[in-house]
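The report below covers three chains in turn, with confidence, fold content and selected contacts. Please read it alongside the sequence and the coordinates.

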Amino acid sequence: MLTDVMNSLPMLTLAAADGAKGSGPLIESWAAAPGWVLLIPLLPLLAAVLNVGCAIAGVKTKLPAVITIVSLAAAFVLTALAYLSFSGETRIVTGWSWFDLSWGDGPGQSMKADFGFYIDNLSLLWMLFVTGLATLIATYASEYMEHDVGQGYNRFFFAFALFVFSMSCLVLGDNLLMLYLGWEGVGLCSYLLIGYFYKKPEAVAAAKKAFIVNRIGDLGLAIGVFLTFVHFGTLEYAELFSSEQLAGYIDAVKAGNAGDVPLMAQLIPVFLMIGAFGKSAQFPLYVWLPDAMEGPTPVSALIHAATMVTAGVYLIARFYPVFLVSEWALPVVAWIGAFTAFLAATIGMAQFDIKRIMAYSTVSQLGYMFAGLALLSSTGGVFHVLTHAFFKALLFLCCGAVMHGFAGQLDLRKLSGLWSQPGWRVVSVGMLIGCINLAGVPFTAGYFSKDMILAEAFVTQGPGYGLIGWLLLLTAGMTAYYTFRVFFRVFVGPVRYEPGDDDHGSSDHDHEHDQSDAHGHDGHAHTDHAQHPFHPHPPRLAINGVLATLSVLAVLAAGLYFVTPENKGWVGSMLKDSTAAQVYFDGESDHPTRAGLFLIDGDAHHRDHAHADDHADHGEHAAHGSFLGFDPHKVMYYVSAIVGAIGIGFAAWAHGPRGAVSGFLGDRTEAATSRMDAVARSFGPIPKWAEHKWYVDEFYHFLFRAPLWVLSHIFHAIDKLLVDGLVNLIGYVPRAFGRLAQPGQSGVLHGYALSMAGGVAVILLVVMMVAG
Amino acid sequence: MPDLVVSTLAQADFPEVMHAITLYHYLLVSAVMFCLGLIGFVTRRNLIIMFLCTELMFQAAGIALIAFGRFYLDYTGQVFVIFVLTVAAAEAALALALVVLLFRRKESLDGTAWAVLKG
Amino acid sequence: MVPACCPARGCVRGSESVEGARGCTYPDPRSRGAGRDGPIDLLSGFHIGSRGIAPWAASSGAGLQLDSVISPFILYAMVALGGIGVLLALPRDRVSLALPGYVLATIAGVVVLLVLFLTAQDPDAGAFAGPATAEAPLGAAPNPYFYAFALLGLAAAMRVITHPKPVYSALYFILTILATSGLFLLLSAEFMAFALIIIYAGAILITYLFVIMLATQSQSEELVEQQPEYDRTAREPLFATAAGFALLAALSTMLGRGVPVLTVDPSAHQSDALLAQLPKRIENALREEHRLDEGVGIRPNEVLAREITATGPDGPFLIDDVARTVIVEVSTDAGDGARRSVAWPADLAISNPEGVGWELIKAHPGAIEIAGVILLMAMLGATVLARKQIQIDEDAKRDMAMARSRNESGTSWAGGAEEETDDA
């Protein structure tokens, strides 16, 4: 048995014996504890190390891809095994002691952080889609990146594997330090992969931008970690979530005495929130994510759509109890999320670069997730994370396939009718599935997950939460519009295309040399368009296979909603025992207000959360959160479907083929124009502003970069003139003296003797004067 | 006053005839001779005369040393002059050897001709 | 005529100054002799042992002290005059102004020395002048030797630096050395005086003369009298003279201020104390005295007695340098002969070579060794420097010889080749 083999590994020790903590979800025995889950992060790490070896050895085959795929698949299998063998009780698996410091016996005078894993449903859920998607996307990338075999291929898969390792640490870690390690690790890998085409100035700039913007968020997270340790005296989840201090704060908030919670404890969620906003690209720190599309498309799909950017969601879900201690932490998250969702959707509507549209869509959907979490619908939020991971990865990979095949062409005005082109059917179908998910077409996964959030937005009482609901609903319509705008423009209509200026079939590729050999996979070189007419090369087995798999998964994800419907789906059943679980538990009042919250942690005694389970049975509080007088939970299915349909219909009218009769294959006069152009004109300059991303980058430039630029130039001038001047002066004075005395250095003996004599005379005279 | 017996270094006769000569007399002579040697060193271009002028300065120093020794009634000044003499002899031997070498190189004793040695 | 007691210089005359000297760290010299006012050193004119004089730097009336020696106006004027004289006397290419230069310089020197002479004779000059004695009352004839030697030496030194011909310079330098030796003699440094003549005039200057002869360009017959350019002209005479005489003015001023406040510690060195460490010298002197006069000195059967210690009479010799006596005893094997005290000969004093030698060995043994090493190194250095040149000459000579032999052998190429092979 694999388990037995793993059990015999001496390095794996368990925290089971650590009974001193007394409380907390600790594992009882080795057999019950899947110690081999340690291999989940270590396998990708091993792959990363092996890929470094490949790079050193100068491997010129697809070996790194094979290594990565195999190790990631193994990690996925192990994760699935862990899930299957999971008993529902939170476990801690300790690899080895990482930090174990103590400077006193009192509380808060020791710091302990193991390389250990906190295994509960939340982390397992995350790891399942992280490792699964990573395996699929690695397979996709093995074909997508093949033009770089022997060059950047090793580097790419090294960073890819390292990213999965970091993400595993982030998700699985049983303490804040592990989380921080993973947090920084994914940031680093993100930087490395965005800047993969380091010869392209835009890619380098985007990588720097992502890294620097993330630094702001990471600083917030770091301060949050510090404050947590200072205030609660521990970094370990088990200890933190079972601490009476935290429970006391939550009780105080529940009792309406939020003022009793110390300010420092209230500040912790704020700083954690900043970290989450940075990593998950929320307003105002979202600006890095669209630019991050400069990286290879698989990276965009995995890191910047499916996994890494959900780290912020994970952070808030994991620290849900901590967020509850502050009255206004969650409302802020809700508002930021809703606003980001709306803002990004408006920008996404006006973009022409399909990858960029998907990027803004990601930002927008992340806003949904945050709003969902903050609106006390953690199930909805996390479900949306899951479904979004699949369909957004699918969308990105489809975009990547288009980009790969059309020489880096991403402008939807210059592509048309892919559906009708031979070899592009899988891509088109995958795109369609992704689009209907994203647009919220009924009975798709995206439809269900979005509905849960929307319904909760109208149900939950909070500062301005009703407005949030309307905002999110509007956003849903806009999402449907811009999603199908892409689809109608690119995949429907007459076959017409204009290849990109990337001579390699993808703007990702930046090779000044060896062009004819590097992309031999399609049989001809695009080195010179003038001589050889361009032929798009449709994707082959690996890409198509992955797209098909993802399409199936994206469709099947909808089925999760119907698993254990009493918990609002499979995700709800997963979350109910985790830190992200919440119930509306209030005997006196059935208002789903924040004061009525009750937390259930993994080992809480409120196992009998009947109220939580029958959340769907919401008749008791229907009167308090309503949607135009209806029960949101019931009516939202129809409302969102209608909104989505409106969006799709508008897109079809504006961008679809001319005349509904001609169907999908009907002709459109020009790929570059549409009815929308006329509509947009009626809005005046607003579409232009949206296309320019509301000038946020310019605003940041004006607000931060310009003053910093001026300041740094002032400092530069000071440094140059004052500091350097002083140093130069110090150097110049002796030199000037030297210059002055240089004529005396005649080489003639007499001159030296003369100056010596004169000098003695002068000294004597001076002595006489001084001595009187 | 006949009982004014003076402690001298050796000669009982000398003090009586030099009572009007002070240390200043000797030091002034020494200073003049030193400055003459210095001027000679600076102005003359013949290497040999330049070295002669250094010997002149040595003489001046010797006079000063011995006068001070006499003033303080001890022999240290004279002992110092012995060492000055030693160094002067060594210097003369080496310097003159160098002068001969230089002369053979350029057929000239002009001290200014060697200004290139400044590097 | 008793001059007012100058507070700046302290009281240096009269019995009260001797009273004032009580309690100083130096032994009162009067303890040696009965009823003396205290010895006065005639060179400086100060009471030996008078320490009531402030150091010159702290003296408030320092400016006056140059006045007490020589009028600054006269001094500076004469320095300037001498400078002009030297400037004129320096060799120049076209017209020789040497004679007026010598005249001016001589005038300056004579005037300065004359002023110094007069000041030294002037009882109003305070401490600078020596006290009047019976042998040499005030206004008595000056010591002519100092002035003669000083003038001679300085004039010769001037000729050294101004004469265009190196040979003459060297010869005048010998004259300077002789004059300096005279000054040394006046300073009771007889050993150094004669050593100077032997070493400098006898050895070093002869070397100079040899080098001058070696390193003089071989000129054609007509141009024998023609000096090379670097001998005929001085380099920047104006600057050099100005700097030199500015230095001289500064030096003389400072010396004039400093010398009057110098003090002497008579106990630092005493001829008798030195003698006490040389028992054999005393014994020889006493035996010599006995040889001349039976009544004094030690008799042939007597030896210097030693102090009796626990192990017998093997202590130090019993010499009393204060009372100038020595204990002698009748020489016996047991060392218990009759003892008596014998006074030193009245004229017994240590000679200058003895003093110098004693000082050299006692106080500077390491320096002697170093001086020896320096001389050795100088000898080696001179040899090495000369040897290189000789090697080059030999190479040249050999080349010349080879060339000559080749020419003589005519067509005998084999011989030439053979020679070259040998060479290689």
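What pLDDT does chain B average, and what share of the residues score at least 70? Chain B averages a pLDDT of 79, and 82% of the residues score at least 70; pLDDT is the predictor's confidence in each residue, from 0 to 100. This is a predicted model, in which local features need pLDDT of at least 70 and side-chain atom pairs count only at pLDDT 80 or more, while totals for chains, interfaces and linings use all residues. Residues are numbered from 1 along each chain as its sequence is written, and chains are lettered from A and ligands numbered from 1 in the order in which they are written.

**Confidence**

For the complex, the predictor gives an ipTM of 0.87 and a pTM of 0.57. Chain C has a mean pLDDT of 72, with 67% of its residues at 70 or more. Within chain C, confidence is lowest in helix H1 (residues 14-20) of chain C, with a mean of 33, and highest in helix H6 (residues 166-186) of chain C, at 92.

Two residues are in contact if their C-beta atoms, placed from the backbone, lie within 7 Å. Where pLDDT is low, the predicted coordinates should not be read in detail.

**Chain content**

The table lists secondary structure and burial by chain. Helices (H or I, at least four residues) and strands (E, at least two) are DSSP runs, numbered from the N terminus. A residue is buried if 20 or more other C-beta atoms lie within 10 Å of its own, exposed if 12 or fewer, and partly exposed in between, with C-beta atoms placed from the backbone.

| Chain | Secondary structure | Buried residues |
|---|---|---|
| Chain A | 29 helices, six strands | 54% of 772 residues |
| Chain B | four helices, zero strands | 66% of 119 residues |
| Chain C | 14 helices, four strands | 36% of 424 residues |

Along the sequence, the pattern of chain B is α-α-α-α. Of the contacts in chain B with a separation of 6 or more, 48% are between residues 24 or more positions apart. For chain C, residues 24 or more positions apart account for 59% of the contacts with a separation of 6 or more. In chain A, 78% of the contacts between residues at least 6 apart in sequence join residues at least 24 apart.

**Helix packing in chain A**

Helix H4 (residues 121-144) of chain A and helix H12 (residues 297-306) of chain A have axes that come within 8 Å and cross at roughly 160°. H4(A) is therefore roughly antiparallel to H12(A). Axes are lines fitted to C-alpha atoms, for helices over the stretch in contact, and angles run from 0 to 180 degrees between N-to-C directions. Angles under 35 degrees count as roughly parallel, over 145 as roughly antiparallel, 65 to 115 as roughly perpendicular and the rest as oblique. The residues of H4(A) that meet H12(A) include A:Leu133, A:Ile137 and A:Tyr144, and their partners in H12(A) include A:Pro298 and A:Leu302. By class, the residues of the contact of H4(A) with H12(A) are ten nonpolar, one polar and no charged. Ala, Val, Leu, Ile, Met, Phe, Trp, Tyr, Cys and Pro count as nonpolar, Asp, Glu, Lys and Arg as charged, and the others, Gly among them, as polar.

Helix H6 (residues 176-194) of chain A and helix H7 (residues 201-232) of chain A form another pair, with axes that come within 9 Å and cross at roughly 175°. H6(A) and H7(A) are therefore roughly antiparallel to each other. Among the residues that meet here are A:Trp183 and A:Glu184 in H6(A), and A:Phe211 and A:Asp218 in H7(A). The contact of H6(A) with H7(A) has 13 nonpolar, four polar and two charged residues.

A:Phe488 lies in helix H20 (residues 465-491) of chain A. A:Phe488 counts as buried because 24 C-beta neighbours lie inside 10 Å. A:Gly417 is 71 residues from A:Phe488 along the chain, yet their C-alpha atoms are separated by 8.5 Å.

C:Ile84 is in helix H3 (residues 72-89) of chain C. With 17 other C-beta atoms within 10 Å, C:Ile84 is partly exposed. C:Ile84 and C:Ala105 are 21 residues apart in sequence and 7.6 Å apart in space, C-alpha to C-alpha.

The contact of chain A with chain B takes nine residues from each of the two chains. On the side of chain A that touches chain B, five residues are nonpolar, four are polar and none is charged.
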